[in-house]
Amino acid sequence: MQPVAAETTAAVPDTTPHPNYIGIWGILFVLTVVEVGVAFVGLSKTVTIFALILLAVWKALLVALYYMHLRYEPGRLRLLAIAPLPLAIILVVAVLTEF
Amino acid sequence: MDHTASVALDPRRPMPGMGVYNMKLGMWVFLLSEIMFFTSLIGAYIILRFAHPDAFAEPGEVLNVPLTALNTFILICSSVTMVKAFAAIQQGDQAGLKRWLIATATIGALFVGVQAYEYIQLAGHGFVPAVDAYAAEGRPLYGATFYTMTGFHGAHVTIGVLCLLFVTWRAFRGKYTAQSYGGVEIVGLYWHFVDLVWIILFTIVYLI
Amino acid sequence: MQSTATMDAPLHWAGHGEPQSFMRRYIFSTDHKIIGIQFLFMSLLFLLVGGILAGIMRWQLGYPSQPMPGAGVLPETMAVDGIILPEFYNSAVTMHGTIMVFFAIMPLLVGVFANYLIPLQIGAPDMAFPKLNMMSFWTAAPAGLIMLAGFFVPGGHAAAGWTSYPPLSATPEYSGVALGQQLWLISLIILGFSSLMGAVNYITTIINMRAPGMTWFRMPLATWALFITAILVLLAIPILTGALIMLLFDQTIGTSFFRADQGGSPLLWQHLFWFFGHPEVYILILPAMGFVSEIIAAGSRKPVFGYHAMVIAIAGIGFLGWIVWGHHMFQSGMNPTLGMTFMATTMVIAVPSAIKVFNWLATMWRGDLHFHVPMLNAIAFVAMFVIGGLSGVFVASTPVDIYLHDTYFVVAHIHYVLFGGSLFALFGAITFWYPKMFGRMMSEALGKVHFWLTLLFFNLTFFPMHQVGIGGMMRRIYDPTQYEFLAPMAPTNRFITIAAFLLISTQLIFAFNFIWSMFRGKQAEPNPWRANSLEWSVPSPPPHGNFPAMPQVYRGPYEYSMPGEREDYMPQHVPAGMPASSPTPVHAG
């Protein structure tokens, strides 16, 4: 139909790197268990929240970088993917100062 | 259109652009808007909870954390099967593609099922989104934000399962090859994104 | 739409034949040009509806509680004996804003011109996702019908203002409107999907489908402005959708996101709405700026002054638009530190805006000015935008805004940028690209009459609003005579009303010109304005697939009156040394 987009990824088999998906799955599983542990082990509220956010971001990064292959995409696509995050943070943080 | 004053030109390709094909770029652009959509729902929850800490329960007080932790694990499993399907078709492994796609759709449907079970359980304990039921204990905000966030995530998973079924059907008709796997890749991107949102939701809603 | 991921797939160029059946060709068309024209008809219709609502409001303000001529046709729920009821007045205020913003100006700027211009200006045969594009229109149309249906439901249409602040919007008991408000919410949620599909398409197309040689800094400013606008639509609309969904739940199933009596926060709605709302304001002006840049360059026969600065200013306004939303809420009891921050960021927007204004002036400076209708409208845009921009600086200042908030001064400000700005640019843009769309020129004489009368009556209508605003008249008031301190403004209000009715009547000239020219207008050549961008290299109207072959781009879009050239323009697709009127080159092999 329409022309194939510019420089479609040279998707010859085997050129896309395939990291150890099962290994990452294992890490995600362990991190989930650690998360639940941290939430109920009875640390102080601040430490718990900080640790949980750190773990969640870690897991999210693993999914984005390896399962969504962001790690192997062109840098401008990576830039595009994180573009809305500053806006999201600005919104929530600015409104939080109001309450 | 036949112009006599034609100028000889090398047939050239368009400008380089993003370096990925249109559908993939389109999916990524769409996911950006999804980030903002979930920002509005999750942001509303964070702000309301910050403003009225008393209106929300401590983790595990109302919600069934072990069940949801299991469900989180289920969704993560579906992500790994999805990426396995993608890896299979990139190597031209048709049987592997079908196997992993079916696994992904099944595990995704299982996630929705567990969530439905969780909702029924919670509603049975009187935890509902509307004002009246839980108002006695002064927590109408908790129900409203909880069901809106997890509900819209559940809707996304459901749509994802439907898309996966469509892709599976196409896979059985042999529509994907080692050279042409766009449909598998973009449904995968959507699926992993939904998984990623759940990772954030699980932490913020159930554990903090 | 199945894409293939291979590098070596052959490049199809306009490979699909033109569909022959009427339905596929004009109704469920996937051709971006037809879709743009569909949006054009739809949004002009809504412009008319919004104008009629404005007339109803103006009558009530100029001649409070006197029978309005012609209002006898309205049902009992809207007007009794021709006297506009307060409930209907509130609906009219709400729906004038909603329809003008979401169903008239936004589709006119984005739906029409993004669809029509982007593929033509970047040298692509169509959008990246033609079927998605078709769905975008066929999602917007039902949303519009749902919005119109609200007028005819029990309880009347939404009446909480176009901003729909809770508690008025969240609690049916307060406004007396339940179903109307819900239809309002549902319609906007659906329209959000339409905008989203459009934005994904525009962004993908511009990034990935530019013709060879069309580098980022050879793109016409209209495409640049539409690109930044699409990014704003993409990221702002979902925030609104989320907020609308929560408000809909408050309305229907009794949640309490925004209901203070149940622990929710009405302020949260204001934050979410304006976090969407301020980018939305730039969605409504940036494309207009792009069109005006095209028209002024072609009408002055000079390159746009400071092309790169123009691009940077568009992007700068686009980014700053995200961090100023609080200036709509200075009166909400905002934390003063936050208020000061918003005030400062808002003031900063004056910088890129001023850069653009000075660049337009410098483009015209000592140019070979052609005062055709598009050019006149574009110059009016610059002038009116300056007035609206300056009153914007007034209300951006917290201490001044605390006095002016929710008065007619704000109404004057918004209309100077939205009518004086966007709509003048649109009159110019429609006249400018009309020959490309329909193959015929709009009447120059009628266009000039329409332009001068509109400019006159526009200023007579909206300039006095500054005065009644400073006098303290509230912006959503039903009957100004009920307050003694507003009594001295009654003559001014009557004057505004008369001017407004003349302004609305003048638009009939445009409507007549638009329809008449479609059948009787002068046949248009491919490049009637002797402009440079790629859309002028193809016949008017362009065929299915736009270009006979992939065009090659040799230069920027504004090479007018270059020294050493035989003609005063040099189109982007013409190789050096060739005459400017050369047709699109065809591949030799």
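Reader: What should I know before I start?
Author: The model is predicted, so local features need pLDDT of at least 70 and side-chain atom pairs count only at pLDDT 80 or more, while totals for chains, interfaces and linings use all residues. Residues are numbered from 1 along each chain as its sequence is written, and chains are lettered from A and ligands numbered from 1 in the order in which they are written.

Reader: Chain A, then. How many helices and strands?
Author: Four helices and zero strands. Helices (H or I, at least four residues) and strands (E, at least two) are DSSP runs, numbered from the N terminus.

Reader: How much of chain A is buried?
Author: Buried residues are 31% of its 99 residues. Buried means 20 or more other C-beta atoms within 10 Å of the residue's own; exposed means 12 or fewer, and partly exposed is in between, with C-beta atoms placed from the backbone.

Reader: And what is the buried share in chain B?
Author: There it is 54% of 208 residues. Chain B has six helices and zero strands.

Reader: How do α2 and α3 of chain B cross?
Author: At roughly 160 degrees, with axes that come within 8 Å. Helix α2 covers residues 65-90 and α3 covers residues 94-124. Axes are lines fitted to C-alpha atoms, for helices over the stretch in contact, and angles run from 0 to 180 degrees between N-to-C directions.

Reader: Roughly parallel or roughly antiparallel?
Author: α2(B) is roughly antiparallel to α3(B). Angles under 35 degrees count as roughly parallel, over 145 as roughly antiparallel, 65 to 115 as roughly perpendicular and the rest as oblique.

Reader: New topic. Which residues have the most contacts inside the largest nonpolar core?
Author: C:Ile203, C:Leu226, C:Ala230, C:Leu234, C:Val292 and C:Phe381. That core has 285 residues. A nonpolar core is a set of buried Ala, Val, Leu, Ile, Met, Phe, Trp, Tyr and Cys residues joined through C-beta atoms within 7 Å.

Reader: What is C:Val292 in contact with?
Author: Leaving aside neighbours within four places in sequence, C:Val292 is in contact with C:Trp360, C:Ala378, C:Phe381, C:Val382, C:Ala425 and C:Gly428. Contact means C-beta atoms, placed from the backbone, within 7 Å.

Reader: Where does C:Leu361 lie?
Author: In helix α11 (residues 336-364) of chain C.

Reader: Why does C:Leu361 count as partly exposed?
Author: Because 14 other C-beta atoms are within 10 Å. C:Leu361 is also 9.2 Å from C:Ile296, C-alpha to C-alpha, and 65 residues from C:Ile296 in sequence.

Methods
Contact = placed C-beta atoms within 7 Å.
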